[in-house]
Amino acid sequence: MSKLVDSAAQAVAAVARDGMTVAVGGFGLSGIPTSLITALRDSEVKNLTIVSNNMGVDGKGLGLLLENRQVSKVLASYVGENRLFAQQYLDGELDVEFVPQGTLAERLRAGGAGIPAFYTPTGAGTPVADGKPEEHFDGVRTVLERAIQADLSLVRAHRADLAGNLRYRLTARNFNPLVATAGRITIAESSFVEDGFLHPDDIHTPGIYVHHLVRSEIHEKDIEQRTVRSRVDA
């Protein structure tokens, strides 16, 4: 059975609702599902809780949702590239939960694996641990972290087949495999969709985790900060 949907707008409109928790793959602007994020913005749903490594930059990536005032809460490990994010937080418009990057990855992995919570030493004794149960294991102080299971997950693949099997490209894999497993509903966009099946050894995310698939509609790949050296003539 093909999981391919005609457009990102159609796939998102069928499931997007106010108040959803949405997990989004990507790291900075690398590996982000740009077409799906744009479709989510255009859906006009509000009061979203976004789970992602970061919130993109002003005017790009998840920054589009901030501009449209669709986000009420963010769980992220880094948000330093987005001035609008900072302004909305300081103005009290945005609730923010900072999560150490490794803890965020494990919370998503646990959500996809059906593990309700886990103990980690990361953050113990800091504000990250405020209000959370603590235990000592072999003399090490640890804090209990809850798994993350999103209502909707949005991910970006490089190649896919009609069954929803996904393969990511190089470092654009980043958080995408974890996000894909943590969603009650997962929509993937892919640069290339093959008619046959991907070779089993090439699959990073099995299609069982993917409910809907779309072809990427926005192919431009933005870079947060372009840094180059002066050209040295031979």
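Predicted model: local features only at pLDDT ≥ 70, side-chain atom pairs only at ≥ 80, totals over all residues.
## Salt bridges

The whole structure has 13 salt bridges. One of them pairs Glu97 with Arg107, with the closest N and O atoms 3.1 Å apart. Glu97 sits in strand β4 and Arg107 in helix α5, so this pair ties together parts that are ten residues apart in sequence. Arg107 is buried at 7% relative accessible area, while Glu97 comes out as partly exposed at 22%.

Helix α5 also holds Glu106 and Arg109, three residues apart and thus separated by about one helical turn. Their side chains meet in a salt bridge at 2.9 Å, N to O. Both ends are partly exposed: Glu106 at 26% and Arg109 at 36%.

Glu145 bridges to Lys132, with 3.0 Å between the closest N and O atoms. Here strand β7 gets tied to the loop between β5 and β6, because Glu145 lies in the strand and Lys132 in the loop. Through shared partners, salt bridges join Lys73, Glu97, Arg107, Lys132 and Glu145 into one network.

Thr120, in strand β5, is buried at 12% relative accessible area. Its contacts include Glu145 and Thr103, and the Thr120 side chain reaches the backbone nitrogen of Thr122 at 3.2 Å.

Over in strand β8, Arg156 is buried too, at 11%. The Arg156 side chain makes polar contacts with the side chains of Glu189 at 3.4 Å and Ser191 at 3.0 Å. Among the other residues that Arg156 touches are Tyr168, Asn176 and Lys221.

Terms used
Residues numbered from 1 in each chain as written. Heavy atoms only, no water. Helix = DSSP H or I, 4+ residues; strand = E, 2+ residues; numbered from the N terminus. Buried < 20%, exposed > 50% of the residue type's maximum accessible area, 1.4 Å probe, protein only. Polar contact = N/O pair within 3.5 Å; in protein donor to acceptor, adjacent residues only side chain to side chain. Contact = heavy atoms within 4.5 Å. Salt bridge = Lys/Arg side-chain N within 4 Å of Asp/Glu carboxyl O. Lists of a residue's contacts leave out its neighbours within four places in sequence.
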